[in-house]
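Have a look at the model, try each task, and then follow the solution step by step.

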Amino acid sequence: MEEPNFSRASPRRFITMTMQDKYMAVCFIYDRVQYQNLCRYENPDGTFNISKNCLAKLPHHTNPFIEALEDSNSSPASSSESALIKYGDRSQSPMPPLNAFVSHYWLQMSMAALIISLLTILLVYFMTAIFTNRKKGPRTARVDNSGTISLGKISFHPDEVLGVGSKGTFVYRGSFEGSQDCAVKRVVSQCLTLADREVDFLRSLQHPNLVRYLATEIDPQFIYIALELAEYTLRSVVENEKLDEVDLSLQELCRQSAMGLEHLHQLDIVHRDIKPENILISFCKRPYNKRSVMISDFGLSKQLDNYDTHGHSSSVLRYFDGTQGWMAPEIIEAKLEGKNLAPSKAADIFSLGNVFYYIFFGGRHPFGEKVESRQFNIKENRNVFNEFSMSDNLRPLTAEVILCNHLVGSMIAPQPENRPPISSVLKFPLFLSKDRQLQFLSDVSDWLDQDKGFTSIEKNRRKVFGFDWKQSLTTSLLDDIEGRNGTKHRGYRGHKLQDLLRVIRNKRNHYNDCSDELKSDLGHMPDQFLEYFNSRFPELILHVYKAFQIHRRNINFKNYYNQDDDYYFKELDEIHCLSRN
């Protein structure tokens, strides 16, 4: 039988009941005295008739209150007075019947259950009140002598306008809880559905590249949404040439925008209104004093349900919200023809591709600069990659520009299935650091030395370097690889791309062994060193990256390619020019 716990203050009771040979074992403590017996039934006076041979005995060494029985072999008395066996020499207090103990036990349990239930109800009530404050009904806004409007935790002055949206939406500079600067988005009550949808998404989204939600208030006319305050919109930075002020590279602006969209797509949420006005740049944040790029405005966002990557589903929508000039062609066509269309991630990719081009080329648009003709150009797939002169880019064709052109050209492909998923966008070499790009070229060179049979990389090599890549090198490097300065190397063939990669790998691995003159020409590692080769062979990284897509599952290259999708980057003329025939 289980040992009672004597460490607790008296009076305490400990009851164990088991059926054994139709007897009930009863063990309890009352007034610091332990009682134990095997009984058939309870007497009216609260004692029990015991069995003649079933008297139990607890271990002496575990119980300080138990004393040795006078005679463990003697038969217990049969009278009702001796039917109750007492351990210890203290005088016995009048013992209540067993049902008193049981009733007290269940009373305690019932009270505990009631308290827990009440606490749970209160917790649910307060949490519901916090998260659905706007559902309680309209409040009345207060206006002080300065004209500041206050409603709940939100306050703002109507003269401090940050932006104006569609359908009567205004964004003001305001305050949250009287101390934190914020942006206050005021939406007319007729757009309650859109406002509710945006708030529901904002509450569920937590990511550095998505604007942070603070609170919501409502009055009879408007819904007020308090959001994290940003210093700039992407449009104001690009068109006012403030890139130096934000201290973010073009690649970083694109990368962080893509990371925000990646988080949405991982949750099967489509934004449906990606454009420069809806991409914000934060104030400098601690501890590194860096800015973040944040996607905002989730009023048109949609949670996908049973849709695949490109939006194919039996359930479709006939609502084609968005901004003209940034919509995907399939949306424009469906709207013009009155067709049903499901929302898709691919449509977001199209819009983001336009934003990338806008960032890299100083506010220019791949479908033309005239706003009134963009919608038509998008529908007809008339863009810089197949219609307009590439000289309109106003930027030299560096390796970064070539990478950007190819990525954007893939993202704005006319057919949704030809657009890369956002995870493949972020793996594109445009977003690799200089050191990582060098490492990629070195890994490819190592692999080519082991697999002599892979010749696909030599296809279209003339697009990279013409007929002989040696003609593009400086004298110091040419003398080094040909042994004119006394060095001995395995021969390098000027018409083989594989050998060019071997030069890059070997000079990177043995940079410290190079002569001072050669180091001066190659520049410091890794940025200047990579720029030495990129400036002479700007198509090199893109060409190698596309050629090695077939080996994306190889352990040496899995970090350079998206492993969750089988998307392959194609030639731009294959996905643009041919689509118009």
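**Exercise 1.** Find how the axes of helix 5 and helix 7 cross, and which residues meet.

*Solution.* Start with the axes: those of helix 5 and helix 7 (residues 345–360) come within 10 Å and cross at roughly 165°. Axes here are lines fitted to C-alpha atoms, for helices over the stretch in contact, and angles run from 0 to 180 degrees between N-to-C directions. Helices (H or I, at least four residues) and strands (E, at least two) are DSSP runs, numbered from the N terminus. The model is predicted: local features need pLDDT of at least 70, side-chain atom pairs count only at pLDDT 80 or more, and totals for chains, interfaces and linings use all residues. Residues are numbered from 1 along each chain as its sequence is written, and side-chain values use heavy atoms, with hydrogens and water left out.

Next, classify the angle. Under 35 degrees counts as roughly parallel, over 145 as roughly antiparallel, 65 to 115 as roughly perpendicular and the rest as oblique. Helix 5 and helix 7 are therefore roughly antiparallel to each other.

Now list the contact (heavy atoms within 4.5 Å). Helix 5 contributes Leu250, Gln251, Leu253, Cys254, Ser257, Ala258, Leu261 and His265, which meet Lys345, Asp348, Ile349, Leu352, Phe356, Ile359 and Phe360 of helix 7. Sorted by class, the contact of helix 5 with helix 7 has 10 nonpolar, three polar and two charged residues. For this count, Ala, Val, Leu, Ile, Met, Phe, Trp, Tyr, Cys and Pro are nonpolar, Asp, Glu, Lys and Arg are charged, and the others, Gly among them, are polar.

**Exercise 2.** Work out how helix 11 and helix 16 are oriented to each other.

*Solution.* First, the axes of helix 11 (residues 434–450) and helix 16 (residues 527–536) come within 9 Å and cross at roughly 60°. Then look at the residues: Lys434, Gln437, Leu438 and Leu441 of helix 11 make the contact with Asp527, Phe529, Leu530 and Asn534 of helix 16. Four of the residues in this contact are nonpolar, two polar and two charged.
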